[in-house]
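Here are my notes for your first look at this one. Have it open while you read.

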Amino acid sequence: RGGLVDIEFIAQALQLVHARAQPEILDTNTIAALHNLGAADVLNKADTAILVAAAGLQHALTQVLRIALDETPKMGEATPGLKALLVEAGKTADFAALEARLFDLQARVRAIFEKVMGSA
C-alpha cells in the first residue's frame with residue numbers, strides 16, 4: 001500500500017482518463033507523467049510533489065536492493081552496510097529516519113490513491 005504500484009496506477013489511470021483532452025500529459029516514464037499531470041492541473045501541486053518524492057525514493061531504494069541482494073530482504077536482518085547504502089540512497093540521516101520517511105510517504109501515496117480512484 002502506497003508503493004510504486006499505487007504510484008504507477010495513479011499516473012496511468014489519470015493519463016487514460018485525461019489524455020484525449022490533454023495529450024501533453026502523456027509519458028511512458030512515471031515521474032515525467034506525474035510532472036505532466038501536475039503541470040496540466042490534473043493533479044494538484046501538493047499531490048504531485050508527494051507522488052514524485054515517493055516514486056524517487058522508492059526507485060532509489062529498489063535499485064540499491066536489486067544490486068545488493070538476490071532475494072527480497074528482511075530489513076530486520078539487514079547488515080549495517082546495506083542499511084548505510086539505503087540511508088545514502090534515501091538521503092536521510094539514519095535508517096530510522098529513512099524508515100519514517102518511507103512509511104510517511106507510503107501513507108500519503110495511499111491517501112492520494114484512494115482520493116483519485118474514488119473520483120476517476
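1. Leaving aside its neighbours within four places in sequence, which residues is Arg-110 in contact with (heavy atoms within 4.5 Å)? They are Arg-1, Gly-2 and Asp-6. Arg-110 is found in helix H5, helices being DSSP runs of H or I with at least four residues, numbered from the N terminus. Its relative accessible area is 19%, so Arg-110 is buried (under 20%; exposed is over 50%, partly exposed in between, with a 1.4 Å probe and protein chains only).

2. A word on the ground rules: this is a predicted model, where local features need pLDDT of at least 70, side-chain atom pairs count only at pLDDT 80 or more, and totals for chains, interfaces and linings use all residues. Residues are numbered from 1 along each chain as its sequence is written, and side-chain values use heavy atoms, leaving out hydrogens and water.

3. Now the rings. The count comes to one aromatic pair (Phe, Tyr or Trp rings, the last by its six-membered ring, with centres within 6.5 Å; planes under 30 degrees apart are stacked, over 60 edge-to-face, the rest tilted). Phe-9 and Phe-113 make a tilted pair, 5.8 Å centre to centre with 50° between the planes. Phe-9 lies in helix H1 (residues 4-18) and Phe-113 in helix H5 (residues 95-119), so the pair ties together parts 104 residues apart in sequence. Phe-9 is partly exposed at 44% relative accessible area, while Phe-113 counts as buried at 15%.

4. Have a look at helix H3 too: its buried residues include Ile-50, Leu-51, Val-52 and Leu-57, and also Asp-47 and Gln-58.

Definitions and conventions
Helix = DSSP H or I, 4+ residues; strand = E, 2+ residues; numbered from the N terminus. Contact = heavy atoms within 4.5 Å.
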